[in-house]
Amino acid sequence: MNFAFSEEQDALRDSARRFLEDKCGSPVVRSLMETEKGFDDAMWRQMAELGWHGMAIPEEYGGVGYSWIELIVLLEEMGRALLPAPFFSSVVLAANVILNAGSADQKKSLLPGIASGETIATLALTEANGRWDVSGIELRASGGKLTGTKTFVLDGHVADTLVVAARDGERGEDARAGISLYVVKADAPGVTRRPLATMDLTRKQAEITFAEAPGELLGEAGTGWAAVQKTLDQACVAIAAEQVGGAQRCLDMSVAYAKVRVQFGRPIGSFQAIKHKCADMLLEVESSKSAAYYAAWAAAEDNDELPVVSSLAKAYCSDAYFHCAAENIQIHGGIGFTWEHDAHLYFKRAKTDEVLFGDATYHRELLAQRIGL
């Protein structure tokens, strides 16, 4: 196995960074996060023209046909830039749950729109209980009609298409047996959407209520949880890549500031306490890259190790990003606590990413279960 990026992948990273620095600088992020929609249509179309939306979608379904390796290169750069756009919800969550659960005809029908950027989709999974496991699914489906409420739905207020996890059977000894997935049009009768107030304004969430809303069964009835679980494992790999990008940006900001901020006639980077903080951050960033890149390889190969390494990467990268974001504020001192400085934006994204799909404690427990401890 060769874990070095190819020249083509490095070129993709360079072009993505240039695009995001040009189109998604701090002023743009701050402007978009104050809007209810949360993203710019023109930037979204430009990303589609670059082939980003279809990067890991097979060519037969309208995608570019690359692998998860190329996708995490993009996600790392998006995490670095705090991209405010429904990329994660549509390209990572919705596209992959359709790939994992849908029939060939459903994939041909649903995925080309996502790959072209014409369709914004998302996965509606969590409910008011906040659980990420199968026991948290209480929304009911009967005769193709859905009733219940989903919350913390990423970009649920702007999505055109919703993939909804519902319980259409009785909860028996195996809670996974009664879970099915349904494709619901956001403008269907019985669907009500409400944007949620969130700590991280760069990643919008919504509450969606279904009152006998019509849905199309995705795949086979009663088999949806296996597809959801695999999608969650893939999503943990994707969020780990974002966390790597954000943590690296926090380290870069800290080192740059430590070189120019002078106290007692010396740059603060010459003080041992600051050196130790930066050294610890560097160790965490590099270790996060190792975990995230290995998990990306497992996702690209659809390897049996994916469930284990996805939880490992999510747990480690969550802790590392949050620590780097907090230390970034500390190193910047008083200016780091102000609204005008970007340090708080990364801190809020780090905290949101930490709890998304389960926090580090949850994934360490899940990892222990998966390796039989």
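**Close-up views of a predicted model**

**View 1. Strand 1 and its partner, strand 4**. Strand 1, which spans residues 121-124, is covered on both faces, with Ala121 and Leu123 buried on one side and Thr122 and Ala124 buried on the other. Here buried means under 20% relative accessible area, exposed means over 50%, and partly exposed lies in between, using a 1.4 Å probe and protein chains only. Strands (E, at least two residues) and helices (H or I, at least four) are DSSP runs numbered from the N terminus. Strand 1 runs parallel to strand 4 (residues 161-167), and four bridges join the two; strands are said to pair if DSSP finds at least two bridges between them. Within this pairing, leucine 123 stands opposite valine 163 of strand 4.

The model is predicted, and local features need pLDDT of at least 70, while side-chain atom pairs count only at pLDDT 80 or more and totals for chains, interfaces and linings use all residues. Residues are numbered from 1 along each chain as its sequence is written, and side-chain values use heavy atoms, with hydrogens and water left out.

View 2. Once its neighbours within four places in sequence are left aside, serine 288 is in contact (heavy atoms within 4.5 Å) with Val244, Tyr316, Cys317 and Ala320.

**View 3. A salt bridge between lysine 289 and glutamate 286**. A salt bridge is counted when a side-chain nitrogen of Lys or Arg is within 4 Å of a carboxyl oxygen of Asp or Glu, and the structure holds 20 of them. In this one, the side chains of lysine 289 and glutamate 286 meet at 3.6 Å, N to O. Both residues lie in helix 8, three residues apart, which is about one turn of the helix. Lysine 289 is buried, at a relative accessible area of 17%, whereas glutamate 286 is partly exposed, at 39%.

**View 4. A salt bridge between aspartate 133 and arginine 131**. The side chains of these two residues, aspartate 133 and arginine 131, meet at 2.5 Å, N to O. Aspartate 133 counts as partly exposed at 24% relative accessibility, and arginine 131 is likewise partly exposed, with a relative accessible area of 40%.

**View 5. A salt bridge between glutamate 242 and arginine 203**. The closest N and O atoms of glutamate 242 and arginine 203 are 2.8 Å apart. This pair links distant parts of the chain, since glutamate 242 belongs to helix 7 (residues 224-260) and arginine 203 to the loop between strand 6 (191-195) and strand 7 (205-214), 39 residues apart. Glutamate 242 is buried, with a relative accessible area of 4%, and arginine 203 also counts as buried, at 9% relative accessibility.

**View 6. Cysteine 317 and cysteine 324, each in no disulfide**. A disulfide is a pair of cysteine sulfur atoms within 2.5 Å, and the structure holds zero disulfides. For cysteine 317, the nearest cysteine sulfur is that of cysteine 324, 10 Å away, and cysteine 317 is buried, with a relative accessible area of 1%. For cysteine 324, the nearest cysteine sulfur is that of cysteine 250, 6.5 Å away, and cysteine 324 is buried, with a relative accessible area of 0%.
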